[in-house]
Amino acid sequence: MSLINPSRRVRHLLSALLCSVGYSASANAVPSTLPPEIGYNAGEMETPRSTAMGGAVRALSNSSDALYLNPANMAVARVYHLSGFAQIWPQARRQSYGAAAVDSVVNKQRIAGGVGAVWNKQDQDGIDRSGFDFRFGLAAPLSDQFFFGGALRYLSLAQNGYPRPDGLRPSAAAGGLENKEILADLTFDAGLTFKLSPEFAVSAVGQNLTDSGHGLLPLMLGGGFGYGSENFSIEADAVNDFSSYDEAQLRAMGGLEVLLGDEFPVRGGYTYVEGEGTHAVSGGLGYLTREFSIDASLRTIVQGPKSLTIVFGFKYHADVAGALGGM
């Protein structure tokens, strides 16, 4: 594998971040015409890899992807990763910026730990929702094939605007509480992963298990099944959302990943959200070395309200030996 100057790649990443922030800041100051639930996306925090693979990484994730979608998988690979990522949703007028650290190297018991924080701003001239998401997770192998993990999640949200500017007149009832939080809650996720073989994995995951009863922290139960080799992986996931709608609604996802030339991960995915009636396709590219990786992804809704999601990030492999534990 060829090595390049990391500082040069970091400068390129920072330039991309600044360009995206500038684009969002210069967008027309008008409310989004999309339903707020599309931009909020059930409160899920997405990394470039999970976005590109349609969200289907519950069985084959590790590192920061595992912290947000299946904490059990933090213990599957031996990694020590520091990462930063950003999301831009032009039509939904949303920006999200996050950082995470996941370590499964420093102790002999193979106990893995992860911490992550994400700041969100959605539709400043419409619903005007902002929030802070903090995660702390632990995971451990119960055997060489069976992994268990959990993550505490703290979410605070403020909302100073109006949910649907084209359908509701401004009123106190339609908005939130001015300059006050509408939500400050603690919940937790839990996951199990079973390795049927070194290549095949099946998982079960519960998200927001305190069951708040509302769509800002929706109770979601499901899992995934995946096959992953050194240069190729494919996975299918399905979860039920029990809180965002009057009855349980399916979220189905599929994704694949190919590593070209030991340096370039290429990804694609599909997502179906029953409650929104949307079908989306996604794709992404990355550059991987033993010391770091850079990734960028796009997702677009092809059936339903048109919406584009742009996600990019940088990951530093503080443990070089575990750098290739997962793409």
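Is Trp 119 buried, partly exposed or exposed? In this predicted model, Trp 119 is partly exposed, because its relative accessible area is 40%, a value that falls between the 20% limit for buried and the 50% limit for exposed.

The pLDDT of the chain averages 86, and 83% of the residues reach at least 70. Where pLDDT is low, predicted coordinates should not be read in detail.

The model holds seven aromatic pairs. One of them joins Tyr 68 and Phe 85, with 6.0 Å from centre to centre and 85 degrees between the planes, an edge-to-face arrangement. Tyr 68 belongs to helix α4 (residues 63-69) and Phe 85 to strand β1 (residues 80-89), so this pair links distant parts of the chain, 17 residues apart. Both Tyr 68 and Phe 85 are buried.

Tyr 97 and Trp 119 make a pair of another kind: the ring centres are 6.3 Å apart and the planes meet at 15 degrees, which is why the pair is stacked, the limit for stacking being under 30 degrees. Because Tyr 97 is in strand β2 (residues 94-103) and Trp 119 in strand β3 (residues 112-122), the pair ties together parts that are 22 residues apart in sequence. Tyr 97 is partly exposed, at 22% relative accessibility. Elsewhere, Phe 264, Tyr 287, Phe 292 and Phe 314 come together in one aromatic cluster. A ring can also meet a charge: the charged end of Arg 129 sits over the ring of Tyr 40, 5.0 Å from its centre.

The interior comes next. In soluble globular proteins, nonpolar side chains tend to be buried together. The largest nonpolar core here has 14 residues, and those with the most contacts inside it include Leu 67, Tyr 68, Met 74 and Val 118. At least two residues of this core come from each of α4, β2 and β3, and α4 gives the most, with three.

Most residues other than glycine have a negative phi, yet the phi of Ser 63 is positive, near 55 degrees. Ser 63 is placed in helix α4 and is buried, because its relative accessible area is 1%. Asn 41 also has a positive phi, about 55 degrees, although it is not a glycine. Asn 41 lies in the loop between α2 (36-40) and α3 (48-52), and at 8% relative accessibility it counts as buried.

A polar residue can be buried too. Asn 208, in the loop between β7 (200-207) and β8 (220-228), is buried, with a relative accessible area of 2%. The side chains of Asn 208 and Arg 153 are joined by a polar contact of 3.0 Å. Beyond its neighbours within four places in sequence, Asn 208 is in contact with Arg 153, Thr 187, Phe 188, Asp 189, Leu 217, Pro 218 and Leu 219.

Key
Residues numbered from 1 in each chain as written. Predicted model: local features only at pLDDT ≥ 70, side-chain atom pairs only at ≥ 80, totals over all residues. Heavy atoms only, no water. Phe/Tyr/Trp six-rings, centres within 6.5 Å; stacked < 30°, edge-to-face > 60°. Helix = DSSP H or I, 4+ residues; strand = E, 2+ residues; numbered from the N terminus. Buried < 20%, exposed > 50% of the residue type's maximum accessible area, 1.4 Å probe, protein only. Lys NZ or Arg CZ within 6 Å of the ring centre and 35° of its normal. Polar contact = N/O pair within 3.5 Å; in protein donor to acceptor, adjacent residues only side chain to side chain. Contact = heavy atoms within 4.5 Å. pLDDT = per-residue confidence, 0-100. Core = buried A, V, L, I, M, F, W, Y, C linked by side-chain atoms within 4.5 Å.
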